[in-house]
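Please view the sequence and the structure below before reading on.

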Amino acid sequence: MVDDPTLKQIAQGDGLALCAAGLWTARFAPALEQMVVDAEKLAGSRPDIFIDVSRISRLDTFGAWLIERLRRSLTRGGVEAKIAGLSLNYSSLVDEVRRVPVADPPPARQNALTGLLEDIGRNVVGFGTTLTSLIGMLGAVLAASGRVMRHPRSFRLISTVHHLEQVCWRAVPIVVLITFLIGCIISQQGIFHFRKFGADIFVVDMLGVLVLREIGVLLVAIMVAGRSGSAYTAELGSMKMREEIDALRTMGFDPIEVLVLPRMLALVIALPILAFLGAIAALYGGGLVAWLYGGVQPEAFLLRLRDAISIDHFVVGMMKAPVMAAVIGIVACVEGLAVEGSAESLGRRTTSSVVKGIFFVIVMDGLFAIFFASIGM
């Protein structure tokens, strides 16, 4: 057929002309692909090669890309293959295709040791970048707090109360339920093992110290990181995707002061309250199991609990709570503001927020344990 695509080779002295004709459209994709592959083998065979497209009757994006791919393949040694006879109707299409960047070649295979060292290096750099971002967010929050303290009218009380309701009041049922069950489990396991030595009553000591000092606040912080930290990241990430944060900056508002500070303050207030309620629920659950399963009467449980714990245990747990809340809030806000313009980025940052939040909470708990042990508390 007259309109079938062709690509003829015509020698011109030391040069070579590739004359394209017919319909260069996706309809003839297999034939065009094979012709271009055969022509690409001519790369470097002649010092001067040009592609004549004056006889092409119709050209679409597929055909334009094949011509551009052929031109790039024929370019060797700094000599650029030229396209001649391009009509005005298709020049813009070819120019647009030419702007497509050249794909990077696949990375060379490396041995396992080199790859392992490279992964370690990238992870170290990523961890350093994360720490830098967290410190930067902490500085921004402190600066915004200073501005609010100088100008109290700029403080967003309604927003803070709203977030306090979301992260504190609405979280009470799940926090109380989980800590109650954890208290029951600790008490049951403690009685089961202490009974072998006739020391059932010592489960009260273990339960009181663990709940008030370590497990209570740590468990609540992990639940808050998974519940409220992920919500903060998703909310800020959605605002970032819809360019609402850029709109705030355009209107002259500081996003840290408007969006981050109320959330941070609500979290710092909420976590000690939730930790206290969780500790009470865990002690109640542990006492209930000690009574029903271990035969420890409530009066004996309370007397032993009073002798086993001191105010220091309660103070240590309460001192951890606001610091862990600040860490969770900073991580969540940093990840939320780092969201890009895709749903995939939002999901990835939300997952990263929960993982990093729990990681830093556990790290902070370990640092607190070392600190309080060193000062005798």
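This is a predicted model: local features need pLDDT of at least 70, side-chain atom pairs count only at pLDDT 80 or more; totals for chains, interfaces and linings use all residues.

Asp365 is part of helix 12, which covers residues 343-374.

**Asp365 and its partner**

Asp365 has a relative accessible area of 10% and is buried, because this value falls under the 20% limit. Apart from neighbours within four places in sequence, the residues in contact with Asp365 are Glu214, Leu218, Lys320 and Met324. Among these, Lys320 forms a salt bridge with Asp365, with 3.0 Å between the closest N and O atoms. This pair links distant parts of the chain, since Lys320 belongs to helix 11 (residues 311-337) and Asp365 to helix 12, 45 residues apart. Lys320 and Asp365 are both buried.

Side chains of opposite charge can pair when their charged atoms come close.

**A further link from helix 11 to helix 12**

Which parts of the chain does the pair of Glu335 and Lys356 tie together? Glu335 lies in helix 11 and Lys356 lies in helix 12, so their pairing ties together parts that are 21 residues apart in sequence. The two side chains meet in a salt bridge with an N to O distance of 2.9 Å. Glu335 is buried, with a relative accessible area of 3%.

**A pair within helix 12**

Arg348 and Glu344 also form a salt bridge through their side chains, at 3.9 Å from N to O. Both residues lie in helix 12, where they are 4 residues apart, or about one turn of the helix. Arg348 is partly exposed, with a relative accessibility of 44%. Glu344 has a relative accessible area of 62% and therefore counts as exposed, the limit being over 50%.

| Salt bridge | N to O distance |
|---|---|
| Lys320 and Asp365 | 3.0 Å |
| Glu335 and Lys356 | 2.9 Å |
| Arg348 and Glu344 | 3.9 Å |

**The structure as a whole**

How many salt bridges does a search of the whole structure find? The search finds 18 salt bridges. Elsewhere in the chain, a network of salt bridges links Glu68, Arg71, Arg72 and Arg98.

How values were computed: Residues are numbered from 1 along each chain as its sequence is written. Side-chain values use heavy atoms; hydrogens and water are left out. Helices (H or I, at least four residues) and strands (E, at least two) are DSSP runs, numbered from the N terminus. Buried means under 20% relative accessible area, exposed over 50%, partly exposed in between (1.4 Å probe, protein chains only). Contact means heavy atoms within 4.5 Å. A salt bridge is a side-chain nitrogen of Lys or Arg within 4 Å of a carboxyl oxygen of Asp or Glu.
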